[in-house]
Amino acid sequence: MSQYRVAVLFGGVSSEHEISLLSAHSVLQHLNPEVYTIYPVGIKKDGSWHWYRGSFDAIPTGEWENGDTVPAAFCPGSGMHGLVLFEQPLRTLEVDVVFPVLHGKNGEDGTIQGLLEAAGIPYVGCGVLGSAVCMDKIIANLVMDAAGIDRCEWDWMERCDLPRFDEIEQRVAEKLHYPIFVKPANAGSSVGISKAHDKDELRRAVSLALEHDDRIVFERFVQGQEIECAVRGNEDVHSTLPGEILASAEFYTYDDKYVSGTSRTAIPASAPKEVLERTARIAERAYKTLCCRGLSRVDFFLEKDTGRILLNEINTLPGFTSISMYPKLMMNEGETYGQLLDSLIALALKKEKTT
């Protein structure tokens, strides 16, 4: 007999909808049905929620939307503490914990976390504050700067600053020097990111980034290794040694991550052990500083010429696909994928008891 009732949220309204489908498929395949009663809950791009009762294999392609579904939602303040099914008669599926396998907007930004808090249902991953802070690269960078956590030089602008583009370009070019990376402040999976080599490319990069958010981050190009740590825990926090991204493109693009499959990883990263261990300690410190709980992937650059360890960003719900770094790093330490999921659910239930 199963012990816990787990709702797995997937899809969503963000530009990372398709990635969520891939991640959720992996999670659903590795949850032990003898331990969990599993309720897949899909969110379509129009924002509608549905309890899905078909084959997990229809999820990655999006075909689940044409399958056996029931409109559903979590209702704050209802006292139902479960998934409300909008069918006749109205009924509720009791849920012990939610695993929000959602990336980007409304998934990693504290929105779904706030909904679940209001509904009184435990959930996997970071809380409202940690999710919101880490999702917004401008706020996260300001916090890291204030805490003395090394990162590459950066700057930012808002959509309303566009009439001042020439002035901003001059400031950014003098501060960061070309080439410059341009990123939406609130997006992930390399969506909307460009590498600009001159003013014209910067203008185009800004236009692309503004398709995904109203605020933009500029970052100095760092020549070096891209390394990532998997961090887990609530009060007691542990980071793996970092793994290394061996991108096949000029930088680690969306296509490189999820479409072409040509990027490679090395676990652990190719660096002296002392550097790897120091990176893991910085990852733990950043995780705590930015109020993370449950899990996060902490990304770094190891600068080639200086040897500096520069924190890039924290992902509070990283990819969980078969090629994603977070589960691969954890599995490299001796866990199975299923055991990793068990530990994250246990942390969610423990977090609920201590808050």
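Leaving aside neighbours within four places in sequence, glutamate 303 is in contact with Arg220, Val222, Gln223, Gly224, Arg308 and Leu310; contact means heavy atoms within 4.5 Å. This is a predicted model, in which local features need pLDDT of at least 70, side-chain atom pairs count only at pLDDT 80 or more, and totals for chains, interfaces and linings use all residues. Residues are numbered from 1 along each chain as its sequence is written, and side-chain values use heavy atoms, with hydrogens and water left out.

Where does glutamate 303 sit? Its place is in strand β16, residues 294-303. Strands (E, at least two residues) and helices (H or I, at least four) are DSSP runs, numbered from the N terminus. Is glutamate 303 buried or exposed? Glutamate 303 is buried, because its relative accessible area is 10% and buried means under 20% (exposed is over 50%, partly exposed in between; 1.4 Å probe, protein chains only).

Now turn to strand β7, residues 97-100. Val97 and Phe99 point one way, Val98 and Pro100 the other way, and all are buried. Strand β1 (residues 4-11) runs parallel to β7, joined by four bridges. Alanine 7 stands opposite valine 98. Two strands pair if DSSP finds at least two bridges between them. Strands of a sheet pair through backbone hydrogen bonds, either parallel or antiparallel.

An open sheet of four strands comes next. Its order is β8-β11-β9-β10, with antiparallel pairing. The edge strands, β8 (154-158) and β10 (194-196), each pair on one side only. From one strand to the next, the twist averages 25°. Three bridges join β9 (residues 180-184) to β10. Phenylalanine 181 has lysine 195 as its bridge partner in β10.

Two helices lie across these strands. Helix α6 (residues 199-209) lies across β8, β9, β10 and β11, at about 15° to β9. Axes are lines fitted to C-alpha atoms, for helices over the stretch in contact, and angles run from 0 to 180 degrees between N-to-C directions.

Last, look at the lining of the second largest cavity. The residues there divide into six nonpolar, six polar and seven charged. Ala, Val, Leu, Ile, Met, Phe, Trp, Tyr, Cys and Pro count as nonpolar, Asp, Glu, Lys and Arg as charged, and the others, Gly among them, as polar.
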